[in-house]
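Dear colleague,

I am passing on to you the structure we spoke about, and below it I have set out what was found, taking one region after another. Please keep the structure open while you read.

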Amino acid sequence: MTLDQLRGLAEKITSDASQVTDEQLAEAREAIQALVAEAKEAGASQETLKTLQALKPIRDAVVGEIAAREEAQRELDSETQRLLAEIEADTLGRSADVADVEGEAAGGGEVAELPVQPVTEDAAQPAAVAASADLIAQVTKAAAEGAAKAFAALAGKGEQPAAAAQEPKGRAARVTTTSAVPRAAEFVNVRVYGGQDTAGAPITSSYELAKQLHEKYRTVYQDRAYSGRVPVAHFAIEYPESRKLGQDIAANYHKLEALTSRESLTAAGGLCAPLSPDYSVEVVGTSARPIRDQAMVAVQVERGGLMYRPPVSAGSAVNGVGQWTVEDDADASVVNNTGPSKRCYEVDCPGMKEEYVWAAYLCLEFSNITTRFDPETTTANLRQGDIAHARLAENLLLSKMAAESKILSASQVVGATRDILANIDKAVAYLRSKHRIDESFPLTYVAPFWVKHLMRADLARQMAAGDWKAALGVADGDLEAWFARRGVTPVWHMDGVLGTDEVQTITITGGPTGGSFTLTFDGETTDEIAYDATAEDVYNALVALDNIGPYDITVTGGPGPNSPWVVTFGGPAVAGTDVPEMTSSGSFTGGSNPSVAVATTTGGDGAISVNGVTIAPQVYDDVAAGAALPGFPNQIDSLLYPAGSWLFLNGGSLDLGLVRDHELNAKNRYRQFLETFEGAAFRGVESLRLVMTVNPTGQTAGTKDTSAITD
């Protein structure tokens with residue numbers, strides 16, 4: 001196809017995609033790849049740039065339509081297999097005879113088999129088959145399990161046909177059910193390519209991703225002469241300029257991943273045979289991103305940031321308006337410039353604001369042997385890393401939004417539910433009145449997810465009156481309807497702004513001229529550290545301990561002995577927490593009674609203080625066995641702003657790959673890395689940070705003296 005033919009096909013896809021055949025789409029994709037190859041060979045020029053600019057929207061339309069059709073086919077296949085399994089189970093039943101389980105038909109008769117569509121590499125996941133003479137094959141693996149099976153098959157003797165994609169030899173197949181994967185939002189284009197950019201081959205399933213990872217591991221990564229990163233996959237994310245999220249609760253609220261239910265086998269009377277092993281690794285958690293996906297308007301930035309003019313409020317020009325009466329006109333004198341005059345607001349040239357993206361990264365180090373012989377763990381590692389990365393990325397966005405919002409506090413008056421709604425009413429009235437915001441324009445309220453549970457607990461404790469049974473079963477929709485009637489859309493986030501990081505200072509006194517010292521943290525002691533060590537020396541000594549990771553601390557100051565070293569515990573695992581204080585022991589020469597000491601200069605605490613407002617921790621700590629059940633936080637740290645005020649700046653790519661170097665080779669280890677490029681920009685008139693003190697007592701105004709309430 002020529003470029004003009006591709007343009008015509010793209011227009012047809014946009015107007016009526018049903019008129020485009022699969023063969024035309026395949027031919028178009030090949031033509032696009034050929035044009036890209038020609039552009040690479042031609043090199044950078046105005047003509048090449050013009051061609052690529054014309055080609056990009058065509059490629060987006062073609063690849064997007066192919067992806068939509070593949071997803072529709074996968075859903076059709078999944079539903080077909082489900083119905084076949086149900087029909088077959090209802091009509092044929094299952095035999096409990098062991099011979100049947102091993103594939104021998106009971107009674108010697110023939111069993112009619114229902115047709116089963118073969119599962120190919122293009123399917124959503126490779127299938128695990130539980131074969132028997134009277135049952136058809138069942139597709140049982142969800143996305144993560146499919147990736148594990150791909151690893152297992154590739155680790156053996158090359159690719160296996162779908163019917164033979166069994167568990168690794170010696171492992172028992174598990175029968176599970178697979179929930180349908182929700183269709184991706186139509187206005188977001190996410191495409192995966194092998195390698196480090198979009199020039200790689202498209203990846204359309206976790207099977208292919210697992211295969212790509214394994215091939216890199218078996219080829220380039222095994223080359224001992226190679227050092228550096230090994231790109232595995234490139235995720236390209238593209239947003240249209242007008243894309244907005246967070247307005248449609250039904251579409252965006254609770255984007256849950258597919259769940260897999262597991263059948264369990266029980267036996268009575270004892271069993272002499274060895275138990276069947278289950279090598280799967282269950283990963284608990286979700287990588288949902290409600291802050292990014294619901295509380296912000298997502299836009300793509302291609303230059304690493306955004307330069308923009310902030311909007312102005314109606315209140316800004318209040319000094320430029322007034323009333324002019326007939327009397328004013330008579331009293332005004334042009335001759336001697338006496339009498340009244342009209343006020344005028346001087347409009348300055350608006351300044352520009354700049355916001356840049358940051359990299360939210362994840363790096364995990366694992367054993368090569370684990371990857372080779374335990375693919376289930378490798379798959380779980382990817383899933384676990386995705387969840388950890390989601391928590392970090394959400395907290396970075398939330399911290400940015402909270403830091404640039406005006407903090408306001410509210411005290412407890414009655415029960416939590418009524419206090420929350422009353423405070424929302426006051427804040428909504430303030431924003432709409434100050435900035436003359438129309439009452440039909442929605443506001444967005446961002447709060448921790450546990451606020452819903454706190455409100456339900458409060459309602460459950462109130463005095464029984466009226467339909468008290470309904471108060472014990474208030475649904476999420478009921479709670480959100482109370483916000484909606486106030487013109488507010490709630491967004492429930494899953495994380496929380498971290499508290500104060502602990503800072504410990506290491507000081508040497510007495511002016512020694514030689515010697516060394518050690519530091520002990522939570523029972524682990526460093527090697528000897530020179531008396532005149534640099535900050536890097538102290539950092540290296542501490543991260544060599546088993547209980548301090550390379551990202552847990554930063555060290556500044558030094559070199560010793562005249563300058564102290566400052567250790568900040570600010571990594572994801574320890575940020576905002578109270579950590580044990582280090583102890584020290586020194587052996588010095590010279591000076592006058594030299595010694596070394598450690599002092600906590602800033603105590604780590606989940607609470608933070610902003611403009612005189614102390615905010616309680618918004619996340620739960622670990623609870624020891626036998627301890628009391630933890631209560632709800634006594635404060636809610638939340639945000640309220642006109643919808644669309646906050647932009648999510650998407651750098652447009654997410655990269656997954658492997659890292660190897662001579663140090664990792666020596667330890668027979670490898671690393672996986674993951675990076676997203678994100679940012680936040682405030683384009684609204686005012687964003688409020690509401691800190692409400694609450695208590696789920698169930699108390700109402702009817703059970704309290706309200707004479708002291710002044711608002």
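Before anything else, a word on the names used here: helices (H or I, at least four residues) and strands (E, at least two) are runs assigned by DSSP, and they are numbered from the N terminus. Please also bear in mind that this is a predicted model.

With those names in hand, you can look at the loop between strand E17 (553-557) and strand E18 (565-569), where Pro559 is found. Pro561 lies in the loop between E17 and E18 as well. The peptide bond from Gly558 to Pro559 is cis, with omega near -5°, and the bond from Gly560 to Pro561 is also cis, its omega being near 0°. Another backbone detail concerns Asp522, which has a positive phi of about 50° although it is not a glycine; this residue sits in the loop that joins strand E14 (514-521) to strand E15 (524-525).

Turning to the sheet, you will find five strands in an open arrangement, in the order E10-E26-E23-E11-E12 and with mixed pairing. Its edges are formed by strand E10 (406-410) and strand E12 (488-493), each of which pairs on one side only, and the twist from one strand to the next averages 25°. E10 runs parallel to strand E26 (residues 688-693), to which five bridges join it, and Ser409 stands opposite Val691 in E26. Across E10, E11 (443-448), E12, E23 and E26 lies helix H12 (residues 416-435), which runs at about 155° to E26.

The search for aromatic pairs, made over the whole structure, gave six. In one of them, the rings of Tyr445 and Phe483 have their centres 5.6 Å apart and their planes at 15°, so this pair is stacked. Tyr445 belongs to strand E11 and Phe483 to helix H15 (residues 476-484), and the pair therefore links distant parts of the chain, 38 residues apart.

Among the residues that line the largest cavity are Leu398, His493, Asp637 and Arg689. Which element supplies the largest share of this lining? It is E23, with three residues. By class, five residues of the lining are nonpolar, four are polar and two are charged.

With best wishes

How values were computed
Residues are numbered from 1 along each chain as its sequence is written. This is a predicted model: local features need pLDDT of at least 70, side-chain atom pairs count only at pLDDT 80 or more; totals for chains, interfaces and linings use all residues. Side-chain values use heavy atoms; hydrogens and water are left out. On a 1 Å grid over the protein atoms alone, a cavity is a set of points where a 1.4 Å probe fits but cannot get out, and a pocket is an open set with protein on both sides within 12 Å along at least five of seven lines; lining residues have an atom within 4 Å of a point. Ala, Val, Leu, Ile, Met, Phe, Trp, Tyr, Cys and Pro count as nonpolar, Asp, Glu, Lys and Arg as charged, and the others, Gly among them, as polar. Two strands pair if DSSP finds at least two bridges between them. Axes are lines fitted to C-alpha atoms, for helices over the stretch in contact, and angles run from 0 to 180 degrees between N-to-C directions. Contact means heavy atoms within 4.5 Å. Rings of Phe, Tyr and Trp (its six-membered ring) pair if their centres lie within 6.5 Å; planes under 30 degrees apart count as stacked, over 60 as edge-to-face and the rest as tilted.
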